[in-house]
Amino acid sequence: MTDLKKLHDAILTGNAKAAGELTKEALAEGANPADLVANYMIPAMDEVGSLFEAEEYFVPELLLAGRAMKAALEYLRPLLAASGAKPSGKVVIGTVKGDLHDIGKNLVAAMLEGAGFEVTDLGTDVSPEKFVEAVKEKNANIVCLSALLTVTMPAMKTTLEALNAAGVRDRVKVMIGGAPVTDQYAREIGADSFSENASAAVATARRLVSE
Amino acid sequence: MTTTQAPSKSRQRLLDALNHRQPDRIPVDFGASPVTGIHVSCIAELRDHFGLDKHPVKVTEPFQMLGEVEDDLRDALGSDVKGVPGRKVMFGFENKNWKPWRLNGLEVLVPGDFNVTVADNGDILMHPQGDVTAPPSARMPKGFHFFDAIIRQNHFDPEHLDPADNLEEFGPMSDSAIDDIAADVKAANDGEYALFGNFGGCALGDIALVPAVNLKDPRGIRDVAEWYVSTRSRRDYIHKIYERQVEFALGNLERIHARIGDSIDIIFLCGTDFGTQSSSFCSVATFNELWFPYYKQMCDWIHGHTSWKIFKHTCGSAARFFDSMVDAGIDIVNPVQCSAVGMEPEQLKAKYGDRLTFWGGGVDTQQVLPFGTPEQVREQVLRRCEIFAPGGGFVFNTIHNIQAETPVANILAMVNALRSLE
């Protein structure tokens, strides 16, 4: 039998190759996909988040853990979908119009995916209309907006206005983040929350979907 | 060749501050480097405000679209430093043969090889070395203000990475490039200002440079995330790159110094960002293993052979690295991002004020300068000067470049606050 603690550790240490192989092996031996995710993979990513908060892990370690999680999910996603397993929430994420920076956004996406959310990543330079379209199409309940630049922060407000105008604002929680973004700015533009980093974003998303 | 004449007021002011002596007033830098500059659109507005000669402003740093601060504007702003950049810009062409170009309706001048195409969605695409037959290496979203790299990551075999692939843009400078630097330093050395040399080649893993927007077909690790991952998982590879880079850098510095002597006062070492808004990109232990030895090698050579002060840029929460930077021989840190965690001005001055010069920290460009009122700008500028200026070790600069769309009234509030301290 596959030692599933090794799957946990492969994600924790960012070993994508091992994470994929161990998942494949475990499934071949009849492991329950939902059990792998809930009891080994999500706890590993939670630990990654804790280590990041404690400044024992940094951006490279987060990226590596995210890749390992993704490698394991490649095998699990079709099985989870077929079994009708419900994600923690449905997230649409992107960097706002005019902004091409994506490291922070990618980290948040990876951590949310690692926490069991279904994540649709719209990429960078995403127009308000694209966010609206994706919310409708994916039936999302969380929208994450990222901006690195002071000159693109206003696009967060424009995106919120577009969600309002399209009549979908009430069915989503909007989280914002990025270097120049603050809690105060989130309040000013009517977003539901600001997150300081990828680990905090997971805690925020969990809180928002439980409200 | 060493400058023997008595230093000007501006230069003396800088030298006093850099040597931790109280200068006659706080020295100021606006525009002497690619991290202490001003967006070309703001420069055009400032020139209008001051009633300076009307002409299109040169974009001297086309990646971030920073404009030239000419002597007349430098004096109007009270700036004491002049930059001497290398002639080649980030896109691999030279700053020469200026031609008109329009940036969101504003007429500016760009280098002759600034050749762009327009994507289907209206974005502006920049091509490396000005060659539009090569795939674009940077993109400026339609209606926005500067470029960002397009990641061009060729397939690589992780088991067979060759450090030479990541070293294509580094190497011994040509004799003509050294001649150009010598000529530019001579031309800039008018006895008025302190001179800030930025000749390239010393940056270790600067994430703005990793994608190599100057190369037509970059090899090795060029994806930003892949590079960060490599600093954790492929350290031997990174070490080999840095080792070779430093060999090149030391050779180039020696040849440059042989020509310009101590005509420059400050040298730009490296722009690698170690801090994020609330944390850092690596631990101090990793810094000490992966960067410190190479910085120390370069700093040791510079301090052993020149009078140049060494300038290190790192955004974000960087104070945790300052002890190591001091030990490596770094003299100046920039931009002193006081809005980041652990970067409170009072603590920085108390802990490092006698060992590091803070070149920056003057006003926040994330909130106060672009979005605050002129009064808020004035208050912050005066408070930061009150904290950082005593005993020297401070060169006033905004925290990183003045961004596009910054209200000119706020820039003037900053300048007037500085004047009120004279």
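**Where the chains meet, and into chain B**

Modeller: Let's begin where the chains touch: 19 residues of chain A are in contact with 24 residues of chain B (contact means that two C-beta atoms, placed from the backbone, lie within 7 Å). Keep in mind that this is a predicted model, in which local features need pLDDT of at least 70 and side-chain atom pairs count only at pLDDT 80 or more, while totals for chains, interfaces and linings use all residues. Residues are numbered from 1 along each chain as its sequence is written, and chains are lettered from A and ligands numbered from 1 in the order in which they are written.

On chain A's side of that contact, α4 and α5 (103–114) of chain A are the elements that give two or more residues, and α4(A) gives the most, with 5 residues. Element names follow DSSP runs: helices are H or I with at least four residues, strands are E with at least two, and both are numbered from the N terminus. By class, this side of chain A has 10 nonpolar, 5 polar and 4 charged residues (Ala, Val, Leu, Ile, Met, Phe, Trp, Tyr, Cys and Pro count as nonpolar, Asp, Glu, Lys and Arg as charged, and the others, Gly among them, as polar).

Chain A is divided into domain 1 (5–83) and domain 2 (90–210), with bounds from an automatic or database domain assignment. The contact between them takes 12 residues from domain 1 of chain A and 10 residues from domain 2 of chain A. On the domain 1 side, α3 (33–53) and α4 (59–83) of chain A each supply at least two residues, and by class that side has 9 nonpolar, 2 polar and 1 charged residues.

5 of its 5 residues are buried, so β12(B) is largely enclosed by the rest of the structure. Buried means that 20 or more other C-beta atoms lie within 10 Å of a residue's own; exposed means 12 or fewer, partly exposed is in between, and the C-beta atoms are placed from the backbone. In a regular strand, side chains alternate between the two faces of the sheet. Here B:Lys309, B:Phe311 and B:His313 point one way from β12(B), while B:Ile310 and B:Lys312 point the other way.

What does β12(B) pair with? One partner is strand β11 (residues 266–270) of chain B, parallel to β12(B) over 4 bridges, where B:Ile267 stands opposite B:Ile310. Strand β13 (residues 332–334) of chain B also runs parallel to β12(B), joined by 3 bridges, and here B:Lys312 stands opposite B:Val333.

The peptide bond from B:Asn334 to B:Pro335 is cis, with omega near 5°, and B:Pro335 lies in the loop between β13 and α10 (345–352) of chain B. Most peptide bonds are trans, and most residues other than glycine have a negative phi. On the phi side, B:Ala212 has a positive value near 50°; B:Ala212 is found in the loop between β10 (194–198) and α5 (224–233) of chain B, and is buried, with 21 other C-beta atoms within 10 Å.

One last stop is helix α13 (residues 408–419) of chain B. Several residues in α13(B) are buried, including B:Asn410, B:Ile411 and B:Met414, and what covers them includes α2 (40–50), α3 (71–77), α11 (368–371) and α12 (374–388) of chain B. B:Val415 of this helix is buried too, with 20 other C-beta atoms within 10 Å. Leaving aside neighbours within four places in sequence, B:Val415 is in contact with B:Leu77 and B:Gly78. B:Val415 and B:Gly78 are 337 residues apart in sequence, yet 7.7 Å apart in space, C-alpha to C-alpha.

Note on methods: Pairing = 2+ DSSP bridges.
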